Amino acid sequence: MVRNKNYIISIDAGTTSVRVVCFDRALRVVAKKQKEIRQYYPKPGWVEHDATEIWQVTERLLSSVLRGR
């Protein structure tokens with residue numbers, strides 16, 4: 001676990017992508033990463049997502065932002 005009171009990490013898992021943004025205390029963007037996630041259309045008018053994919057993408061993005069890459 002990272003304990004640093006100088007930064008805020010925001011995670012946005014939306015309909016088409018996951019985005020992770022790191023802000024400093026002045027709310028300036030320090031790092032940000034975004035990756036699209038797959039959408040599945042099993043029936044007309046239905047959209048589904050894979051929760052495991054969302055979690056894995058979130059973990060990768062967090063790790064990348066925390067390493068500063």
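The predicted model contains an open sheet of 3 strands in the order β1-β2-β3, with antiparallel pairing. Strands, like helices, are DSSP runs numbered from the N terminus, a strand (E) having at least two residues and a helix (H or I) at least four; two strands are taken to pair if DSSP finds at least two bridges between them. Strands β1 (7-13) and β3 stand at the edges with a single partner strand each, so one side of each is left without a neighbour in the sheet. On average, neighbouring strands of this sheet are turned by 10° against each other, direction ignored; the axes behind this angle are lines fitted to C-alpha atoms, for helices over the stretch in contact, and angles run from 0 to 180 degrees between N-to-C directions. In general, the strands of a sheet pair through backbone hydrogen bonds, either parallel or antiparallel.

Residues are numbered from 1 along each chain as its sequence is written, and side-chain values use heavy atoms, with hydrogens and water left out. Because the model is predicted, local features need pLDDT of at least 70 and side-chain atom pairs count only at pLDDT 80 or more, whereas totals for chains, interfaces and linings use all residues.

The antiparallel strands β1 and β2 are joined by 7 bridges, and a hairpin connects β1 to β2 through 3 residues. In this pairing, A13 stands opposite V18 in β2. Along β3, K33 is the residue opposite V20, V29 the residue opposite F23, and E36 the residue opposite S17. Of the 8 residues of β2, 6 are buried, so this strand is largely enclosed by the rest of the structure. Here buried denotes a relative accessible area under 20%, exposed over 50%, and partly exposed a value in between (1.4 Å probe, protein chains only).

Residue S17 lies in strand β2 and is buried, its relative accessible area being 8%. The S17 side chain makes a polar contact with the side chain of Q34 at 3.1 Å. A polar contact is a pair of N or O atoms within 3.5 Å; within protein, one must be able to donate a hydrogen and the other to accept it, and residues adjacent in sequence count only if both atoms are side-chain atoms. Apart from neighbours within four places in sequence, S17 is in contact (heavy atoms within 4.5 Å) with D12, Q34, K35, E36 and I37.

The largest nonpolar core comprises 8 residues, namely V18, V20, C22, A31, I37, V57, L61 and V65. The elements giving two or more residues to this core are β2 (17-24) and α1. A nonpolar core is a set of buried Ala, Val, Leu, Ile, Met, Phe, Trp, Tyr and Cys residues joined through side-chain atoms within 4.5 Å. In soluble globular proteins, nonpolar side chains tend to be buried together. When residues up to four places away in sequence are not counted, V18 touches I11, D12, A13, K33, Q34, K35, I37, I54, V57, T58 and L61.

A salt bridge is defined as a side-chain nitrogen of Lys or Arg within 4 Å of a carboxyl oxygen of Asp or Glu, and the count by this rule is 3. The pair E53 and R38 meets at 3.7 Å, N to O. Because E53 lies in helix α1 (residues 51-67) and R38 in the loop between β3 (29-36) and α1, this pair ties together parts that are 15 residues apart in sequence. E53 is buried at 11% relative accessibility, whereas R38 is exposed at 52%. A salt bridge also links R28 and D24, at 2.9 Å from N to O. In this pair R28 is exposed, with a relative accessible area of 55%, while D24 is buried, with 13%. In the salt bridge between D12 and R19, the closest N and O atoms are 3.7 Å apart. D12 is partly exposed at 39% relative accessibility, and R19 is partly exposed at 36%.
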